[in-house]
Amino acid sequence: LGDAKLLRRKDSGEVRFILRQEKTMRIVANHYVVPHAPYCQLVPNAGSDKCWVWSAPDFADEEKKVERFALKFKDKDLAKAFQEAFEQALGINM
């Protein structure tokens, strides 16, 4: 559980994904939304319409490391809204 955000830098306009753990507020995901395969390609998790899976070069531990992420939403409408925002971020970062 946590707080997921897509943040856009004011100086460069690049968009990154941040996920903070709910209880500790520790950053557990911190990566740019990169439009380069195989990274940042959203795939439904096990055919679910409420969960997305992707991989990206992550900097949450201050070192670049390719990680796989899964984000589950309360309902399919929130999952769809995230997909649209994530894909828009991919277009911005091209």
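1. **Ground rules.** What you are looking at is a predicted model, so local features need pLDDT of at least 70, side-chain atom pairs count only at pLDDT 80 or more, and totals for chains, interfaces and linings use all residues. Residues are numbered from 1 along each chain as its sequence is written, and side-chain values use heavy atoms, with hydrogens and water left out.

2. **Overall layout.** Start with the parts list: the protein has six strands and one helix. Here helices (H or I, at least four residues) and strands (E, at least two) are DSSP runs, numbered from the N terminus. Follow the chain along and you read β-β-β-β-β-β-α. The radius of gyration is 13 Å, close to the 12 Å from the globule rule for 94 residues, so the protein is as compact as a globular protein of that length. That radius is taken over C-alpha atoms, and the rule is 2.2 Å times the number of residues to the power 0.38. Along the principal axes, the C-alpha atoms fill a box of roughly 35 × 30 × 25 Å.

3. How much of the protein is buried? Of the 94 residues, 33% are. (Buried means under 20% relative accessible area, exposed over 50%, and partly exposed in between, with a 1.4 Å probe and protein chains only.) The accessible surface comes to about 6,500 Å², and 50% of it belongs to carbon and sulfur atoms. Those areas come from the Shrake-Rupley method with a 1.4 Å probe; for residues, only the protein chains shown count as cover.

4. **Charges.** There are 16 positive and 14 negative side chains, and the centres of the two sets lie 2 Å apart. Lys and Arg count as positive, Asp and Glu as negative, while His and the chain ends are not counted. Each charge is placed at NZ of Lys, CZ of Arg, CG of Asp or CD of Glu.

5. **Aromatic pairs.** A search of the whole structure turns up seven aromatic pairs. Rings of Phe, Tyr and Trp (its six-membered ring) pair if their centres lie within 6.5 Å; planes under 30 degrees apart are stacked, over 60 edge-to-face, and the rest tilted. Take phenylalanine 17 and tryptophan 54: their ring centres are 5.3 Å apart and their planes at 90°, so this pair is edge-to-face. It links distant parts of the chain, with phenylalanine 17 in strand β2 (residues 15-21) and tryptophan 54 in strand β5, 37 residues apart. Phenylalanine 17 is buried at a relative accessible area of 1%, and tryptophan 54 counts as buried at 1% too.

6. **A pair within the helix.** What kind of pair do phenylalanine 82 and phenylalanine 86 make? Their ring centres lie 5.4 Å apart and their planes are at 40°, so the pair is tilted. The two sit four residues apart in helix α1 (residues 76-92), which means about one helical turn separates them. Both phenylalanine 82 and phenylalanine 86 are buried. Zoom out, and ring pairs link Phe17, Trp54, Phe69, Phe73, Phe82 and Phe86 into a cluster.

7. **Tryptophan 52.** This one also belongs to strand β5, and tryptophan 52 is buried, with a relative accessible area of 9%. Not counting residues up to four places away in sequence, it touches Leu42, Val43, Pro44, Phe69, Ala70, Leu71, Phe73, Ala79, Phe82 and Gln83. (Contact means heavy atoms within 4.5 Å.) The C-alpha atoms of tryptophan 52 and alanine 79 are separated by 7.6 Å, although these residues are 27 apart along the chain.

8. **Lysine 65.** Now try lysine 65, in strand β6 (residues 65-72). Its C-alpha atom is 27 Å from that of alanine 81, which is 16 residues away along the chain. Leaving aside neighbours within four places in sequence, lysine 65 is in contact with Ala56, Pro57 and Asp58.

9. Look at the loop between β3 (27-32) and β4 (43-44), where proline 38 lies. A cis peptide bond joins alanine 37 and proline 38, with omega about 10°. Cysteine 40 is in the loop between β3 and β4 as well, and has a positive phi of about 55° despite not being a glycine. Alanine 46, in the loop between β4 and β5 (51-58), also has a positive phi, near 50°. Are these two residues buried or exposed? Cysteine 40 is buried, at 2% relative accessible area, whereas alanine 46 is exposed, at 81%.
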